[in-house]
Amino acid sequence: MKNCVGLFVLLVVLSISAFAADKEFGKPVPVHIKGLPNGFGGTPISTEEPFLSRDGRFLFFNSGRYENNKDLYYAEWINEEWLYRGSLGPGVNSVKDVQGNPTMDSSMNFFYIESSTSSMVRFAVFQPGKGTLKSIKDLKGIPKRKIQLLKQLLTGNMGVEVSDDGKYLYFSRATWRFRYFKVGIILASNILFATKINGKYVYNEAEAKRIMTNINTMDFEYAASISKDGLELFFTRLACDFIKKGLPCSKIMRATRKDITSPFGLPKLIQSIGYSDFVEGPAISSNGKELYYHKKVGNKFRIFKVSR
């Protein structure tokens, strides 16, 4: 009888933790980028997967899948507003492939998703004076893309993020099903990471799973954002049932830990963002006060933020 009571209490505690809400952040407000060019449908390009430079000077983002399969752009904070500066280049954006999910460490080492490469991630050096990327290379050290033709499955990487000091590279390992020889519905996604050792990123699966033991579930976890001190993790969670039912609802979650070597605790929902909209791609500012993300508005995504 005692064992049954104990099990019941444990289940209640786990249930409460699973639906716990983080109330630190205020109400969402739209982020306006002055001078955005028009894209699909004759309206300003979709603004997705935002990232704030560590000094707060630049806002990086990508366009939507109907606009060249996603391209990389950036804006600059001038006179208390975001001013559109243009596309990142040279030799970055392409019509047939995806370039998205920008991130950068404090030394201007820039990372982004590139669908044409085996690791699906590229890195370069951002030149703030020119707004360009130089020394673009394919990233090594993380699991490569894997195609299973008989099962019609593709496993690869998305949702890249780098720590402030560049030591840790977070990525989402996802699996998709092919649809008419193209990438279709997503089937799984977990957040993992690689560690820079002697100048190279090294992936340790056991260590990644230990640190993320409370983060990854049967649902889809992706698009991680790490705080400057490495103790806060923000990410997107999308329920499998929502995908199956075609419901465009997702959550922005926050998890914390006591030190850099400990696993993250059970994540909490950012309450002010909620889960009634399709929201993705959180990006925490360097000072930890503002959390940017994108939300579907009509047939495009727009950047919003919440503050604490």
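Reader: Which residue lies over the face of Tyr275?
Author: This is a predicted model, where local features need pLDDT of at least 70, side-chain atom pairs count only at pLDDT 80 or more, and totals for chains, interfaces and linings use all residues. Residues are numbered from 1 along each chain as its sequence is written, and side-chain values use heavy atoms, with hydrogens and water left out. A charge sits over a ring if NZ of Lys or CZ of Arg is within 6 Å of the ring centre and within 35 degrees of the ring normal. At 5.4 Å from the ring centre of Tyr275, the one you want is Lys251.

Reader: And how far is the charged end of Lys295 from the ring centre of Phe304?
Author: Here's another charge over a ring, with Lys295 above Phe304. The distance to the centre is 4.5 Å.

Reader: How many aromatic pairs are there?
Author: Rings of Phe, Tyr and Trp (its six-membered ring) pair if their centres lie within 6.5 Å; planes under 30 degrees apart are stacked, over 60 edge-to-face, and the rest tilted. Going by that rule, the count is 21.

Reader: What class of pair do Phe58 and Phe60 form?
Author: Their centres are 6.1 Å apart. With 35° between the planes, the pair is tilted.

Reader: Why is the pair of Tyr168 and Phe193 edge-to-face?
Author: The ring centres are 6.0 Å apart. The pair counts as edge-to-face because the planes sit at 75°.

Reader: Is Phe193 buried or exposed?
Author: Buried means under 20% relative accessible area, exposed over 50%, and partly exposed in between (1.4 Å probe, protein chains only). Phe193 has a relative accessible area of 6%, so call it buried.
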